[in-house]
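Thanks for coming, everyone. Please bring up the model and keep it on screen while I talk.

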Amino acid sequence: MKQFLIQYNIALGVFILSLIGSGVGLYLMISHPDQWNGFELMSNGLGIAQISGAIYLLLKSDIFNTRYIRYFRVCIALFIVGYTFKIEHWIGYNQIFTIIYPVMAYIYVLRFMHKTRKNTGDFLKVDWVVCFAIYQITTIYMPKNIELTFFILSLVLNFAAVGYSVVYDREKVK
């Protein structure tokens, strides 16, 4: 239990620090518009915030107690293979991601549909997972303006899910 709490707090801490980094990047972008460093810091901070928010939500999830964890493990293994292809600049990583993201979203939606009790946080999480999968597919095949729209929507849903989770947990403890 103590190890879980440490991982939980680390994920939440990285989420908050990456938001601070994004804020610093936004400040640099506004105060020094001729430099791109602020934009890169802001976009990387938001990306890290989204990933750490996903880890935070995953650690809080009860998915480890369901049968769907087997499918997620296979998808995560293929996801790592896809990123290895991308890092090594091998052919085929786009096809791997094109398959993995919708499959992960489908599994998560299937798990959501079979839950007996659903709260607002569950709806936010399933919306975020589907939107994130669409965003990742748009980065591969769509123009930049559509990609940016799904990126912003995905960020808003991720922050809403993490924020709801943090507030909800505080209320449960009281």
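I'll go through a cavity, its salt bridges and a surface patch.

This is a predicted model, with local features needing pLDDT of at least 70, side-chain atom pairs counting only at pLDDT 80 or more, and totals for chains, interfaces and linings using all residues. Residues are numbered from 1 along each chain as its sequence is written, and side-chain values use heavy atoms, with hydrogens and water left out.

Salt bridges to begin with. The count is 2, taking a side-chain nitrogen of Lys or Arg within 4 Å of a carboxyl oxygen of Asp or Glu. Asp-122 pairs with Lys-115, the closest N and O atoms being 3.0 Å apart. Asp-122 also meets Lys-125, at 3.8 Å from N to O. So Lys-115, Asp-122 and Lys-125 are linked in a network, as a salt bridge is defined here.

How buried is Asp-122? Its relative accessibility is 8%, so Asp-122 counts as buried; the cut-offs are under 20% relative accessible area for buried, over 50% for exposed, and partly exposed in between, with a 1.4 Å probe and protein chains only. Lys-125 is buried too, at 15%. Lys-115 is likewise buried.

Now the lining. Tyr-108, Arg-111, Phe-112, Lys-115, Asp-122 and Lys-125 line the largest cavity, meaning that they have an atom within 4 Å of a point on a 1 Å grid, over the protein atoms alone, where a 1.4 Å probe fits but cannot get out.

Last, Ile-20 sits in a helix, α1, residues 2–31; helices are DSSP runs (H or I, at least four residues), numbered from the N terminus.

Definitions and conventions: 1 Å grid on protein atoms, 1.4 Å probe; cavity = no way out; pocket = protein on both sides within 12 Å on 5 of 7 lines; lining within 4 Å. Helix = DSSP H or I, 4+ residues; strand = E, 2+ residues; numbered from the N terminus.
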